[in-house]
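Dear colleague,

Please find below the structure that I am handing over to you. My notes on what was found in it follow directly after.

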Amino acid sequence: MSTDSDGLTPAQLRTLFLFESLDDGQLAWLAERGRVEQRAGGTLVYGEGEPATCFFVLLRGAVALSRQVRGDDVEVSRTEQRGVYGGAVQAYLGDQVDQIYRNSLRAVTDADFFVLPAEDFAEALRSWFPMPMHLLEGLFFGMRDSQAIVGERERLLALGSLSAGLTHELNNPAAAAVRATSVLRDRVAGMRHKLAMIADGRLDGSALHGLVALQEEAVARVATAPKLTPMATADAEDALTDWLEEHGVDGAWDLAPILVGGGLDAAWLAQVKAAVGAADLEAAVRWLTYTVDTELLMREIGDAVTRISGLVGAAKQYSQLDRAPHRVVDVHDLLDATLVMFKGKIPAEVKLVREYDRSLPPVPAYAAELNQVWTNLIDNALGAMGEKGVLTVRTGRAGDLLAVEITDTGPGIPPEVRPRIFEPFFTTKPVGAGTGLGLDISYRIVVHKHHGDIRVETEPGRTTFRVLLPIAEGPPDEHRDAPTT
């Protein structure tokens with residue numbers, strides 16, 4: 001319900017702190033163009049997202065200001081202070097920005113307002129205060145442009161840091177593959193040489209066929225060799241060394257570790273002796289040792305290449321360069337890809353714990369941008385803990401929402417800092433160590449683009465950032481409230 005009455009006189013307008021410094025002519029101009037409106041208690045004065053047509057100044061009563069969070073009105077403030085204002089506060093920017101109400105205003109009790117049309121409010125500001133208007137425009141657009149530029153810088157810094165870690169992780173299996181390939185070349189050459197010695201006519205056909213059969217068995221044993229404890233390995237190597245030395249095989253200490261690694265023992269080597277005889281035992285054992293070593297090296301190369309392939313796959317999953325921008329995704333795949341990228345940055349004494357609810361359904365999302373959210377939250381968690389702690393990544397369901405929690409065992413967020421953590425450019429890191437946009441970017445991605453929410457719970461020794469994502473597709477909404485803390 002709304003009723004209009006006559007406007008205010010210039011003298012009455014001067015009693016409002018917003019207008020107290022204006023001259024008589026300016027006050028008369030406002031009095032001529034403005035009007036007084038009444039609103040009954042409980043009614044909406046204006047709604048968030050509606051066209052911003054008027055500027056409101058409270059004259060009497062109590063009002064509540066609210067913003068939208070995941071479709072719910074969240075009250076931001078409540079006041080009965082005379083002279084507070086709201087509505088078309090960005091009218092002076094004209095068509096450079098969307099002229100919509102950025103919040104909702106509701107009359108808590110019966111209330112009176114001085115109401116000025118948005119175009120008149122904009123004209124007054126631009127004509128009466130040209131220099132402040134230039135400064136305000138510069139501040140508004142400068143901040144917006146700076147935020148965009150620094151946000152890109154934040155992304156590049158995060159990507160550079162993760163790329164360094166990924167390069168380190170790729171280097172290890174790549175170096176292992178190169179080393180194993182070099183050794184493998186020598187082993188194959190040695191195996192050819194020993195085969196020539198064995199097959200120089202000293203063995204008849206049946207004995208040679210028996211030795212080849214034992215070679216195939218040795219290869220099969222390598223594939224199924226049990227993983228021994230260090231103590232069991234040492235005992236097996238000692239026993240095999242003794243057997244080889246008793247049978248006149250030189251360099252037993254060099255051969256035994258390879259044969260044990262392939263799952264071979266003294267009982268099996270006794271079959272080799274029976275097949276080739278004592279005279280050719282050493283040549284046969286060395287040939288079989290080359291065979292086993294070759295298989296072990298090829299397995300090492302295979303593991304290294306598989307590791308490289310996994311890292312490249314994780315990098316593709318993280319970047320989402322080969323995927324559509326918006327699609328249905330499994331958040332666990334995204335979290336795992338991000339954690340792989342962080343592997344080189346996680347200190348040795350930081351324990352990583354995954355607690356996934358694999359029954360959760362896929363969600364519609366911008367996958368690459370969610371990966372940036374995980375990156376920012378995990379990076380902050382690692383920074384909070386330092387060199388020692390527990391990083392827990394947990395997923396679950398919260399009603400009709402999917403929840404992802406990143407928990408660290410750091411010192412917690414101080415109470416005086418907590419209300420500001422989502423503010424653009426606010427950071428507790430040393431100068432040059434952070435831009436203060438990581439959490440702001442994360443909030444915008446989660447709330448603005450995914451229609452979800454991001455919350456934080458903190459106490460000394462435990463801080464949890466909780467990201468809530470709709471499981472079903474939701475309507476677009478680019479005008480969201482500050483995050484819940």
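**Helix packing, sheet and cores**

Helices H10 and H11 pack with their axes 9 Å apart and at an angle of about 50 degrees. H10 is therefore oblique to H11, and the crossing of the two helices is right-handed. On the H10 side the contact is made by Leu334, Leu335, Thr338, Leu339 and Phe342. H11 contributes Ala367, Leu370, Asn371, Trp374, Thr375, Ile378, Asp379 and Leu382 to this contact. Please bear in mind throughout that this is a predicted model.

H10 also lies across strands S11, S13, S14 and S16, and runs at about 165 degrees to S13. These strands belong to an open sheet of five strands, in the order S11-S13-S14-S16-S15, with mixed pairing. S11 (349-355) and S15 are the edge strands, each pairing on one side only. On average, neighbouring strands of the sheet are turned by 15 degrees against each other, direction ignored.

S14 and S16 run antiparallel and are joined by eight bridges; Val404 has Val467 of S16 as its bridge partner. S15 and S16 are also antiparallel, with seven bridges between them, and Glu459 is partnered by Arg462 in S16. S15 and S16 form a hairpin with two residues between them, and Gly461 in the turn has a positive phi of about 90 degrees.

Which residues have the most contacts inside the largest nonpolar core? They are Trp374 and Val467, in a core of 42 residues. The elements that give two or more residues to this core are H10 (331-342), S12 (363-365), H11 (367-385), S13 (388-398), S14 (401-408), H12 (438-449), S15 (453-459) and S16 (462-470). H11 gives the most, with nine residues. Apart from residues up to four places away in sequence, Val467 touches Val373, Trp374, Leu377, Leu402, Ala403, Val404, Val446, Asp453 and Ile454. A second, separate core has 38 residues, among them Cys54, Val57, Val97 and Leu125.

Finally, a word on Ser442, which is placed in helix H12. Is Ser442 buried or exposed? Its relative accessibility is 0%, so Ser442 counts as buried. Leaving aside neighbours within four places in sequence, Ser442 is in contact with Val373, Asn376 and Ile454. Val373 and Ile454 are also among the residues that Val467 touches.

Yours sincerely

Notes
Residues are numbered from 1 along each chain as its sequence is written. This is a predicted model: local features need pLDDT of at least 70, side-chain atom pairs count only at pLDDT 80 or more; totals for chains, interfaces and linings use all residues. Side-chain values use heavy atoms; hydrogens and water are left out. A nonpolar core is a set of buried Ala, Val, Leu, Ile, Met, Phe, Trp, Tyr and Cys residues joined through side-chain atoms within 4.5 Å. Buried means under 20% relative accessible area, exposed over 50%, partly exposed in between (1.4 Å probe, protein chains only). Helices (H or I, at least four residues) and strands (E, at least two) are DSSP runs, numbered from the N terminus. Contact means heavy atoms within 4.5 Å. Two strands pair if DSSP finds at least two bridges between them. Axes are lines fitted to C-alpha atoms, for helices over the stretch in contact, and angles run from 0 to 180 degrees between N-to-C directions. Angles under 35 degrees count as roughly parallel, over 145 as roughly antiparallel, 65 to 115 as roughly perpendicular and the rest as oblique. A crossing is left-handed if the near helix is turned anticlockwise from the far one by less than a right angle, and right-handed if clockwise.
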